Amino acid sequence: MLKILIPTLMLFPTIWLSPAKWLWTTSIAQSLIIALASLSWLKWSSETGWSSSNLYLATDPLSTPLLVLTCWLLPLMILASQNHISPEPLNRQRTYISLLVSLQTFLILAFGATEIIMFYIMFEATLLPTLIIITRWGNQTERLNAGTYFLFYTLAGSLPLLVALLLLQNDNGTLSMFTLQYTQPLHLLTWGDKLWWAACLLAFLVKMPLYGVHLWLPKAHVEAPIAGSMILAAVLLKLGGYGMMRMMVMLDPLTKELAYPFIILALWGIIMTGSICLRQTDLKSLIAYSSVGHMGLVAGGILIQTPWGFTGAIILMIAHGLASSALFCLANTSYERTHSRTMLLARGMQMVLPLMTTWWFMASLANLALPPLPNLMGELMIITSMFNWSYWTLLLTGIGTLITASYSLYLFLMTQRGPLPSHIIALEPTHTREHLLITLHLIPIILLILKPELIWGWCF
Amino acid sequence: MLARLSRFGPALTRFRTNPAFGAGFVSQSPPSGAAGSATVSDLQPSSAKESHGHAEVSAFEKNRDYHGFSQDPVVDEWNMRMAFFFGISMAIVVGGTFIHYLPDHGMRQWARREAERLITQREAAGLPLMEENYYDPSKIVLPGAGEE
């Protein structure tokens, strides 16, 4: 654990002490070395859960894929931000990269935490750098509204969680995940207990987000600069899923009855957000709503508490993280050239930037869950386990999958095919940096086809 | 007029008429051809000079081998090398090889082999494949029926 954390913390001296012209080179090199070192967490040679353990941090098959995803994403964020941040004064560039690194540190501590209060504090701590990135470096005036929605939705969900955790600490004497997994099921009978159950999950449902409390997401994703959108879509949403999976261990047997409304909301959300995607004119907004839909499926998979549901949830979280981040990067390449997110203004890009079209195609295929990509495997596991739970869910998930395929195809056709508008026939050619950025997103998804057991979690 | 209305302003005419860009862009008709472009170049005669560095200048003009990292060609080149080396050669190739050669992840293949071995062993001995009780019932000590 420390062999990742200490180099990450040492990124701060690297950022602030590098000479101006080597700032980005050293940052990208060091963050890629950290990403390489993080792959050592994937070694899971025992049949039992936790490894790499010290008193406060450990990894287990649930947190390891998310940790590796987090460490992989930092160099990608740095690559993506390099163009739009470089005109700024040097200290502001250093501040920006420092915010990304601090997010990375909080996320490693959050996913590695073995004590739930530590997880909670890191969960809250990730809000601050994200808020600063959105409100300071966002491009439109709506970024202030977006920051407010983002902050207050998440805080409103997580303050009840704090109370619930303190109550649990009072009753159990510990909040260590090592011991909580072995406690007896709690006798939860009163209304207060049911509120406690809801308080445990609400923060994570808001974060995922669940349809109904999802309004912060389109705003935050759209107004954030590219690094903000990437980290939000790829990792911060998964904090919600991860938190839910950790808390589920203790919330049985109440979950059997109380989860119904949330499962229904999640499934309905897939259809609703998918339909909204089909009507979007703003490119980033489409990708943001597609994240809500996919996370709705993940939420459904977690709430039914079956082994396949959990496994499908983890697979889909990782696969969606990479695919969604790739789509945001692609949207950003279009935005940096045309300074507009309106899809109608940047059509027919295949004529001008054909290799970029290949990446758009692959990212759209990943989004619509094409086999044999892990996106499909995760979705299929969740859909089948939900079918096992209740036959009727197949109606909702089936229509949801259909609509997902439709809007992913719509996204590809609207941006790449069609007539090239006359005002953008002279666009800057694609940079090597942009090609590298997208391939570094897509290659891991493809490699995961070959060894999916890395992301199967501990239930399979 | 297109140059006035379009987002890029004077830069658009400069792109169109700059011969250095032939490789990357759609080929342009000669400036004397269309009446429209003649009007445009009259309206925006020396667009780049007049905008005094405020027009969008593509980095490809100064550096033919711009990779997208930095305006300084040396830093651009080295940044590209570092990103590709550590990203592709180290993280994906070496990292991928490391992951490929990791031992049996979560002992799943071992579990399968062990299960098959136990099944053949128990079938050969005529034993049931699995007992109904996980714990041996004779070892469970329950309180007596009359005690509370």
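A:Cys277, in contrast, is buried, at 0% relative accessibility.

A disulfide is a covalent bond between the sulfur atoms of two cysteines. Here the criterion is a pair of cysteine sulfur atoms within 2.5 Å. Over all chains, a search of the whole structure returns zero disulfides.

## Basis of the model

The model is predicted; local features need pLDDT of at least 70, side-chain atom pairs count only at pLDDT 80 or more, and totals for chains, interfaces and linings use all residues. Residues are numbered from 1 along each chain as its sequence is written, chains are lettered from A and ligands numbered from 1 in the order in which they are written, and side-chain values use heavy atoms, with hydrogens and water left out.

## The nonpolar core

The largest nonpolar core comprises 175 residues. Such a core is a set of buried Ala, Val, Leu, Ile, Met, Phe, Trp, Tyr and Cys residues joined through side-chain atoms within 4.5 Å. A:Trp72, A:Leu201 and A:Met247 have the most contacts inside this core. The element that gives the most to this core is helix α12 of chain A (residues 226–251), with 18 residues. Helices (H or I, at least four residues) and strands (E, at least two) are DSSP runs, numbered from the N terminus.

Which residues does A:Met247 touch, not counting those up to four places away in sequence? They are A:Ile116, A:Leu161, A:Leu165, A:Cys200, A:Leu201 and A:Phe204, where contact means heavy atoms within 4.5 Å.

## The loop at A:Gln280

A:Gln280 is placed in the loop of chain A between α14 (260–278) and α15 (283–303). Its relative accessible area is 15%, so A:Gln280 counts as buried. Beyond its neighbours within four places in sequence, A:Gln280 contacts A:Ser285, A:Leu286, A:Tyr289, A:Met343 and A:Tyr410.

The side chains of A:Gln280 and A:Ser285 make a polar contact at 3.0 Å. A polar contact is a pair of N or O atoms within 3.5 Å; within protein, one must be able to donate a hydrogen and the other to accept it, and residues adjacent in sequence count only if both atoms are side-chain atoms. From C-alpha to C-alpha, A:Gln280 and A:Leu440 are 28 Å apart in space, and they are 160 residues apart in sequence.

## Backbone features

Two cis peptide bonds may be noted in chain A. One runs from A:Met208 to A:Pro209, with omega near -5 degrees, and A:Pro209 lies in the loop between α10 (191–207) and α11 (216–223). The other runs from A:Pro371 to A:Pro372, also with omega near -5 degrees; A:Pro372 is in the loop between α18 (354–367) and α19 (374–389).

The loop between α18 and α19 of chain A also holds A:Ala369. Although not a glycine, A:Ala369 has a positive phi of about 65 degrees, and it is buried at 6% relative accessibility. In chain B, B:Met107 is not a glycine either and has a positive phi of about 55 degrees. B:Met107 sits in the loop between α6 (73–100) and α7 (108–125) of chain B and is partly exposed, with a relative accessible area of 23%.

## Chain B and annotated regions

Chain B contains seven helices and zero strands. Of its 148 residues, 28% count as buried. Chain B exposes about 10700 Å², of which carbon and sulfur atoms supply 60%; the areas come from the Shrake-Rupley method with a 1.4 Å probe, and for residues only the protein chains shown count as cover.

An unreviewed UniProt entry lists residues 82–103 of chain B as "transmembrane region". UniProt positions are given in the numbering used here, feature names are shortened, and annotations may be inferred rather than shown by experiment. Residues 82–103 of chain B are 86% helix and 0% strand, and their end C-alpha atoms lie 31 Å apart.

Conventions
Buried means under 20% relative accessible area, exposed over 50%, partly exposed in between (1.4 Å probe, protein chains only).
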